[in-house]
Protein chains: 2
Amino acid sequence: MTSTDKEQAQTFLHAFEGPEKLLELWFAARTDEDVKSLRTVQRSVWEEVLELVHCSILSVISNGSITAYLLSESSFFVFDEKVILKTCGTTTLLGAVPKIIEIACACGLTVVDVFYSRQNFFFPHKQLAPYTDFKHETEYLDGIFDGGCAYQVGRINGAHYNFYNAENRISTMSDEPEATIEVLMSDLDQDQMRKLFYKDTFTNKTSKDCGIHDLLPGAQIDEFIFDPYGYSMNAIRSDGAYATIHVTPQQGCSYASFETNLIMDDYTELIKKVLAIFNPAAFLVAIYVEMGVKAISNFRSAPVDWSVFPDFKIGDRSVTHFQHYDLTVVSFESKNVKATAFSKPQIKKRASYR
Amino acid sequence: MTSTDKEQAQTFLHAFEGPEKLLELWFAARTDEDVKSLRTVQRSVWEEVLELVHCSILSVISNGSITAYLLSESSFFVFDEKVILKTCGTTTLLGAVPKIIEIACACGLTVVDVFYSRQNFFFPHKQLAPYTDFKHETEYLDGIFDGGCAYQVGRINGAHYNFYNAENRISTMSDEPEATIEVLMSDLDQDQMRKLFYKDTFTNKTSKDCGIHDLLPGAQIDEFIFDPYGYSMNAIRSDGAYATIHVTPQQGCSYASFETNLIMDDYTELIKKVLAIFNPAAFLVAIYVEMGVKAISNFRSAPVDWSVFPDFKIGDRSVTHFQHYDLTVVSFESKNVKATAFSKPQIKKRASYR
């Protein structure tokens, strides 16, 4: 082994899988019986669920709408009738699904909408089953839910976004618009990451100074800096808005994710602010939008001006229209990345044939 | 085995894979040397290529723009700088790629755009490698072309459309708009198929009477009825427009495909005409559109009114924007097919929590 080989082997051995598994379970009252909010469920009960996933609770914040747990590997948000569980590394997120349904059932609730998603892993062979192949995750979920639909949006042989949904709604549309936007960034600016998200440089001013506090203005913030590096943050507002950030800053597997359910007429400036913090060489944006009955003016299926990221080459832009919502996925890569076209031929003017 | 089991086993043993593998290779002059049209290539040379694919030529028609070969399993269209090869069953289409490139090279041409696509197979385990999994087909093509991108549009665990593209164009846009529309239909009306596409009922008036001649008006038509059943048709016009239809009419694996490169302001009526012939229980429409520099008025990325198929339930509708073109894929299934939602709960009005 050469010195470079050894370095690469070391990097690989210690590589951390930043890209998260993300689950949203939406519930509604099962029958006429009395229902209890999921927020009445004791922390100790959720701790049992999180044990199945191989996560533990680091801290918790709460307001009138949301209880937000910061986890050893990502985040868990509990609403009255909804949970959002996001975990990274080699966690086994889907193992929690049956138990969460059981807990919700005891509250008088039943599942009405299921979302499970993740981008392509950097190190898929490090994952445990069924996470080695999205087909297997789909089979697992199909064993629990009827009528689920699974998609792979983006390139099979490149950046893509895996997505599963099963829904069982009575109403055709929710009252209010709903949205989730994710900005999934890789190959982060190493100088910047070294300054911001390492235990020895992080201070109680770091996240404010670097712009994290501006992403969800007025939010209560719960953050954690890992030793020797790594950063997680939950932000919640009493109006039900949340944001969460998770950062794997180290070379060789650097990755950061930003997610929020904030409803905005235009997400362009928000995405720009997020990119300024991490300065990634590649990123993917996924936006779920449900218009809602009371659609707000200007709220479109993907309220972003995709042309304003001049340092990036836009990859594929895909919009999928489902029954109740639209999913837009757009990938970008730095213009410095090598051209993807194959061996350049000399093409002269179109020949004319007789 | 019960009688029904035996019938099902028989059906399966004799099941034919109607869904086609579809390849388009676009070429341009390689250097300043003189180039020859691909249409100057001898039939015997193409026969060697088609041997690799396990197809033979049944008949041929030609005009000033296109030479159209009707094959034992589907069709082969040759233009001056483009070939379209479409084959069904367990044919080994991709085996032809290196040989076609070699032939084009001898004409002074080089590849500038590659498209390979197919819907999900009904009987994937009957296919030979690499066609058992689209990932393998992608790997094969990635071995030939640099920078290829592969996609799976639609449901991983249901109807979907697999698609591979590698391009190496100098110009950002073609002069003229280009389009390919495919209507891929399954579970066809058995009474209608029995009347139309069986050797013992087919006459020289069948295709005219059932509306096939209206799909590409004014075209020269080359058709073939197989024994005991099955139908193939190529249609070409001197303006460069083509259409092709392939029908597997029999119960248990019924399937029909319609494809054309006709440019239209609105494809809605055309799709309706195609559906009227086959009356399928499910269908998928795939439309590739390249606007072209001289974009014609009203030509949109998917010029179809998707709301006018009242007997069908619209599935997913996905639009992917690539650098030079847009791909729209929409799936439909009959409203008589069982509901896909999972165990219906009783959902009462939203509970309020305190």
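Q: Which residue stands opposite Ser75(A) in β5(A)?
A: Lys86(A) of strand β5(A) stands opposite Ser75(A). This is a predicted model, where local features need pLDDT of at least 70 and side-chain atom pairs pLDDT 80 or more, while totals for chains, interfaces and linings use all residues. Residues are numbered from 1 along each chain as written, chains are lettered from A and ligands numbered from 1 in written order, and side-chain values use heavy atoms, without hydrogens or water.

Q: How many bridges join β4(A) to β5(A)?
A: 4 bridges join strand β4 (residues 74–78) of chain A to strand β5 (residues 82–87) of chain A, and the two run antiparallel. Pairing takes at least two DSSP bridges; strands are DSSP E runs of at least two residues, helices H or I runs of at least four, numbered from the N terminus.

Q: And how many residues lie between them in the hairpin?
A: The hairpin of β4(A) and β5(A) has 3 residues between the strands.

Q: What about β3(A), how does it run relative to β4(A)?
A: Strand β3 (residues 67–71) of chain A runs antiparallel to β4(A), with 5 bridges joining them. A hairpin through 2 residues connects β3(A) to β4(A), and Tyr69(A) stands opposite Phe76(A) in β4(A).

Q: How many residues of β4(A) are buried?
A: 5 of the 5 residues in β4(A) are buried, so to speak mostly covered; buried is under 20% relative accessible area, exposed over 50%, partly exposed in between (1.4 Å probe, protein chains only).

Q: Switching to β13(A). Which residues sit on each side?
A: Tyr255(A), Ser257(A) and Glu259(A) are on one side of β13(A), with Ala256(A), Phe258(A) and Thr260(A) on the other, and all are buried.

Q: Which strand is joined to β13(A) by 6 bridges and forms a hairpin with it?
A: Strand β12 (residues 242–248) of chain A pairs antiparallel with β13(A) over 6 bridges, and Val247(A) stands opposite Ala256(A). The hairpin leaves 6 residues between β12(A) and β13(A), and Gly252(A) in the turn has a positive phi of about 95 degrees.

Q: What does β9(A) do there?
A: Strand β9 (residues 178–186) of chain A runs antiparallel to β13(A), joined by 6 bridges. Glu182(A) has Glu259(A) as bridge partner in β13(A).

Q: Now helices. At what angle do α2(A) and α3(A) pack?
A: Helix α2 (residues 43–53) and helix α3 (residues 97–106) of chain A pack at about 160 degrees, axes 9 Å apart. Axes are fitted to C-alpha atoms over the stretch in contact, with angles from 0 to 180 degrees between N-to-C directions. α2(A) and α3(A) are therefore roughly antiparallel (over 145 degrees; under 35 is roughly parallel, 65 to 115 roughly perpendicular, the rest oblique).
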